[in-house]
Amino acid sequence: MAFTATDHALMARALRLAERGAYTTKPNPMVGCVIAHGDEVVGEGWHQRAGEPHAEVFALQAAGERARGATAYVTLEPCAHHGRTPPCCDALVEAGVARVVAAMRDPFAQVDGAGFERLRAAGVTVAHGLMEADARRLNRGYLSRLERGRPWVRVKLATSLDGRTALANKDSKWISGEASRRDVMHWRARAGAILTGAGTVLADDPRLTVRFDDDDATGEGIPFVPPMRVVLDPGLATVARDHVRAGDAPTLYFHAPDAKPPRGFAASHAVAPMRNGQLDLAAVLKRLAELGVNEVQVEAGATLAGALLRDGLVDEVLLYMAPLLLGAEARPLFDGLHIDDMTQRFELGLVETRMLGDDLRLLLQPKRAP
């Protein structure tokens, strides 16, 4: 179906609305909705928080009677099931919307085409596929969880110009500048989990929490959902380090089947299978998806970062490059890759660059699985 310039403009507006839920909707997808007669917008809304009204409901409330005969632009197929809220497709029909334009189908099993079918059965004209690539990029974590059975994995690293992430003694404070450290908080806030390894906890005793300068991090007056902290600790060697359990954010330890939590250890923990003497990373990610985690941000050392890359489990690299040198004895970005010739190299595609103070932030995606 051909879409008009107005269709494109209003879907772009709906996508911008959807992105406002980046910190608050997890584990639900981000969704925006615009209701219009021609190019006149009569109502708009976005999904703000899981368990609360969806984007379509807010847009219909804003439009009121003017929704009748209008077109609804929505970034994801309207839901067709009773979850914590009623079906949005029924609300659109009851409001008298004449046409629905969706960016993409929702692969969630209880929706996946059923929303479109119910709308068509009620006489509503339905079209989808408009700006689908943008919609998929927006909800890449949600789609990864449903379509691949694992979260979207983003590895965050700070590096010197000579590609080093820490000194040989593992000291890494601070490679990046203050502007970069503030920026990391926004990426943490959109993640469902912050994942690290035992080595990082032993060396740094990090909190792995989201810390903003003000309480209204979203700019919308909606508290963000704190990401879960996940520690990969086969032998539970880090339990004496308690910063990673401090505060309101939940913490989950993954350990080997033969590891025994110490008496009185109250933190959440789960057994993960072992593979080649290490925790099975694919199994860990599968379990996190089952827990509703859409995006994982990895903040760990070169060993864990290298293992994830080697296993083809890295979807995105968030790299902060500072204008300094740490020398040849310092720690690399990724360890254990064992590249012997150029045919084995890992190629990354550059998605975005941005200056943050004196640092250069690169967003990269592997071009292929290793």
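Q: What makes strand β8 (residues 193-197) mostly covered?
A: Five of the five residues of β8 are buried, where buried means under 20% relative accessible area, exposed over 50% and partly exposed in between (1.4 Å probe, protein chains only). Ala 193, Leu 195 and Gly 197 point one way from β8, Ile 194 and Thr 196 point the other way, and all are buried. The model is predicted: local features need pLDDT of at least 70, side-chain atom pairs count only at pLDDT 80 or more, and totals for chains, interfaces and linings use all residues. Residues are numbered from 1 along each chain as its sequence is written, and side-chain values use heavy atoms, with hydrogens and water left out.

Q: What makes β8 and β14 a pair?
A: They share three bridges, again in the parallel sense, and Ala 193 has Val 296 as its bridge partner in β14.

Q: Why is Gln 297 called buried?
A: Its relative accessible area is 0%, and the limit is under 20%, so Gln 297 qualifies as buried. Gln 297 lies in strand β14 (residues 295-298). Leaving aside neighbours within four places in sequence, Gln 297 is in contact (heavy atoms within 4.5 Å) with residues including Arg 154, Lys 156, Trp 187, Ala 193 and Leu 195.

Q: How do you know that the span of α1 is close to the expected one?
A: The expected span is 1.5 Å times one less than the number of residues. α1 has 15 residues, for which 21 Å is expected, and reaches 21 Å from its first C-alpha to its last. Among its buried residues are Asp 7, Leu 10 and Met 11.

Q: What makes a set of residues a nonpolar core?
A: The members are buried Ala, Val, Leu, Ile, Met, Phe, Trp, Tyr and Cys residues joined through side-chain atoms within 4.5 Å. The largest such core has 49 residues, and Met 11, Ile 35 and Val 100 have the most contacts inside it. Helix α1 (residues 5-19) gives the largest share of this core, six residues. A second, separate core of 34 residues includes Val 284 and Leu 304.

Methods:
Helix = DSSP H or I, 4+ residues; strand = E, 2+ residues; numbered from the N terminus. Pairing = 2+ DSSP bridges.
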